[in-house]
Amino acid sequence: MGVKVSGELSSSGDNNGGCQKNQSLNFGGFDEFEEEGDNCCDENDDDFVALNSYSVQCVRTDDVWKIELEEDEFRHPLVREICRLIQLRSSWNPKLESDMRHLLRSLKPLQVCAVLLSQDDERVALQFFYWADRQWRYRHNAIVYYAMLEILSKTKLCQGARRVLRLMARRGIQCRPEAFGYLMVSYSRAGNLRNALKVLTLMQKAGVELNLALCNTAIHVLVMSNRLEKALRFFERMQIVGIIPNVVTYNCLIKGYCNQNQVENALQLIADMSSKNCSPDKVSYYTIMSFFCKEKQVKEVRDLMEKMVKESNLFPDMVTYNTLIHMLSKNGHADEALEFLREAEASGFRIDKVGHSAIIHSYCKQGKIDEAKSIVNGMLSKGCNPDVVTYTAVVDGFCRVGKVDQAKKMLQHMHKHDCKPNTVSYTALLTGLCRSGNSLQAREMMNGSEEEFWTPNAITYSAVMHGLRKEGKLSEACDVAKKMISKGFFPNPVEINLIIESLCREEKMDEAKRFFEECLNKGCAVNVVNFTTLIHGYCRKGDLESALSLLDDMYLSNKHPDAVTYTAIIDTLGKNGRIEEATDLTVKMLKKGLLPTPVTYRTVIHRYCQMERVEDLLKLLEKMLSRQKCKTVYNQVIEKLCSFGNLQEADKLLSRILKTASRNDANTCNMLMESYLSKEMPLSAYKVACRMFNRNLIPDLKLSEKVSKRLMLEGKSAEADNLMLRFVERGHLSPQGE
């Protein structure tokens with residue numbers, strides 16, 4: 001197996017794309033490529049300037065670091081033994097670590113690279129890299145640093161990549177443009193465009209000149225971050241300093257145009273490439289074809305294929321057809337994909353089972369099972385035997401349309417054709433059973449997996465667990481979750497929360513608490529939301545002491561309550577008349593830097609108004625408003641006081657909302673007027689209306705007419721006439737109407 005990693009130098013000619021070696025590649029600073037408001041590579045930014053504090057030997061070179069790791073390197077006994085010991089890291093003891101240390105010193109640099117590349121989890125590879133770097137009488141070879149950086153460039157572990165680059169500086173390892181390129185890509189994958197572009201300035205300060213490969217990386221990063229305009233400016237600037245773009249550069253920009261739905265510009269760029277002495281390759285055309293496939297523009301795809309032949313002398317091959325089939329299938333255009341498959345076979349190309357499976361999967365997702373079965377039968381007649389992926393797609397398709405019995409028959413059909421169903425196949429069937437309300441049957445089938453020689457995975461357990469939960473079989477769902485944990489599969493916080501929430505809704509708090517503690521003790525990733533859900537369940541049941549006890553447990557588990565957690569307990573304290581404790585807890589929440597949410601405001605207002613503690617409420621609201629503004633807070637207070645019939649206190653607060661005189665304020669005043677009217681206090685309602693007019697707010701006309709009629713009945717005709725006259729003055733009522 002050939003795997004490219006950074007390694008020994010192999011001269012591969014001029015890779016600067018014609019860069020003039022006697023010309024400075026200083027772009028005059030890269031600030032213009034930063035996001036607005038960013039200070040690129042500030043001298044006080046320790047994350048980046050630290051590299052300059054070491055004596056870094058960074059030299060210009062046109063060599064590319066390449067090496068091929070053969071399969072023998074991965075199969076070497078030393079490599080395999082170290083990988084075995086790494087898998088036992090959770091139970092390491094001094095002896096195992098000593099064995100590891102001894103083996104490490106016997107490894108050649110390429111074998112260390114093989115160990116890193118053998119790890120399924122890049123974080124484990126990084127941990128091994130750090131551990132090895134700390135060992136006495138061992139130092140990583142330069143190729144190991146580059147191998148680690150290349151691995152990290154395929155992940156979002158940008159902080160790890162940055163640390164590896166800093167270690168290179170400390171160890172005096174030569175920093176080539178490729179090393180900075182790997183860091184840039186890792187930042188990009190993590191969504192950190194600002195720091196990705198800072199790498200350019202870091203290179204400049206370290207004395208490393210740009211080459212074509214790094215320019216292509218920078219353009220790719222900008223394109224993938226939807227910064228096409230900046231990518232085009234960078235493209236122009238690199239040519240000014242003498243770096244000639246190649247087909248990779250143009251393909252990045254073509255991809256950028258397609259991402260922005262500017263396909264005409266992408267086509268124009270292909271047309272311009274020939275005049276730049278850079279002929280487009282098939283990737284250039286495939287990128288635009290993919291865009292057309294996504295938009296189901298089959299005619300445009302065919303026109304582009306003809307153009308590819310006539311203008312670039314590039315003929316469609318099996319890769320071309322496979323690309324079209326997969327792109328059309330991926331975007332739900334199975335009929336068009338099948339059309340290209342038949343065209344490819346008519347042209348003498350043999351589309352493999354992967355291409356067929358893509359179309360089958362697309363048909364199954366659309367519920368077109370008959371078409372999918374037809375393709376499977378066609379594969380058998382052509383001698384292209386479907387594999388487990390193909391059959392599994394059909395099983396899943398049957399389950400999606402509710403034909404679970406047909407899915408079972410398909411599994412039997414697989415056995416007849418010497419294609420053993422795998423875990424994914426059975427998981428698809430179990431998911432179908434759960435969807436059709438047969439979760440207990442799915443659980444029995446999962447429990448009998450050993451008889452069928454398959455092993456459930458985390459997805460299998462989750463599917464059955466949630467099927468049982470949806471059917472209300474919560475005890476059985478908890479049992480499946482516990483078995484899942486015992487098998488080494490941990491439910492995620494969302495899955496844990498769904499079970500806890502369902503148990504709380506059924507008021508099975510003891511069972512919910514036991515399940516929660518089981519997850520917590522077994523090392524599941526329990527988060528704040530899980531704690532809050534259980535606390536909220538106790539609060540709904542009125543078990544305040546258990547809720548407060550669980551709040552204390554959060555701190556012991558190093559989980560910090562959020563505003564939602566506090567709000568649930570504050571509401572229950574207020575409901576139980578423990579208003580002083582509710583006040584203390586609200587103040588405690590504010591002191592911890594948590595901002596009150598709209599629900600927090602509504603909760604506090606409701607409970608304090610209910611207890612007629614208006615003065616205490618206003619003092620508490622002032623503290624809350626100093627941390628988090630809420631424009632309608634006093635509107636809510638007045639409306640809540642009206643709903644509890646405390647109109648006197650509501651009237652006292654009216655001046656607070658009339659300062660802003662907004663539409664919300666008008667609605668609040670109307671509510672107060674209606675409350676006065678229901679209490680047979682039309683004169684007070686009239687006074688509220690007058691205050692509204694004084695602030696250029698217009699009371700509700702129909703409500704005001706009711707107030708006027710009630711005033712007339714009580715012998716207050718002057719006030720009644722004055723109220724209607726105010727509407728006439730503002731043009732909301734004609735004099736004739738009066």
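**Notes on rings and helices in this model**

1. Arg 137 lies over the face of Trp 136, at 5.4 Å from the ring centre. Bear in mind as you read on that this is a predicted model.

2. In one of them, Phe 129 and Tyr 145 have ring centres 5.4 Å apart and planes at 80°, so the pair is edge-to-face. This pair links distant parts of the chain, with Phe 129 in helix 6 (residues 122-133) and Tyr 145 in helix 7 (residues 142-152), 16 residues apart. Both Phe 129 and Tyr 145 are buried.

3. Now to helix 26, residues 474-486: its 13 residues reach 18 Å from first C-alpha to last, close to the 18 Å expected. Its buried residues are Leu 474, Ala 477, Cys 478, Val 480, Ala 481, Met 484 and Ile 485. Seen down the axis of helix 26, they fall within an arc of 160°, so they line one face of the helix. Their packing partners are helix 24 (439-447), helix 25 (458-470), helix 27 (493-505) and helix 28 (509-521). After helix 26 comes Gly 488, with a positive phi near 90°.

4. Lastly, have a look at Leu 544 in helix 30 (residues 544-556). With 4% relative accessibility, Leu 544 counts as buried. Among the residues Leu 544 touches are Ile 569, Thr 572 and Leu 573.

How values were computed. Residues are numbered from 1 along each chain as its sequence is written. This is a predicted model: local features need pLDDT of at least 70, side-chain atom pairs count only at pLDDT 80 or more; totals for chains, interfaces and linings use all residues. Side-chain values use heavy atoms; hydrogens and water are left out. Helices (H or I, at least four residues) and strands (E, at least two) are DSSP runs, numbered from the N terminus. The expected span of a helix is 1.5 Å times one less than its number of residues. Buried means under 20% relative accessible area, exposed over 50%, partly exposed in between (1.4 Å probe, protein chains only). The arc is that of the directions from the helix axis to the C-beta atoms. Contact means heavy atoms within 4.5 Å. Rings of Phe, Tyr and Trp (its six-membered ring) pair if their centres lie within 6.5 Å; planes under 30 degrees apart count as stacked, over 60 as edge-to-face and the rest as tilted. A charge sits over a ring if NZ of Lys or CZ of Arg is within 6 Å of the ring centre and within 35 degrees of the ring normal. Lists of a residue's contacts leave out its neighbours within four places in sequence.
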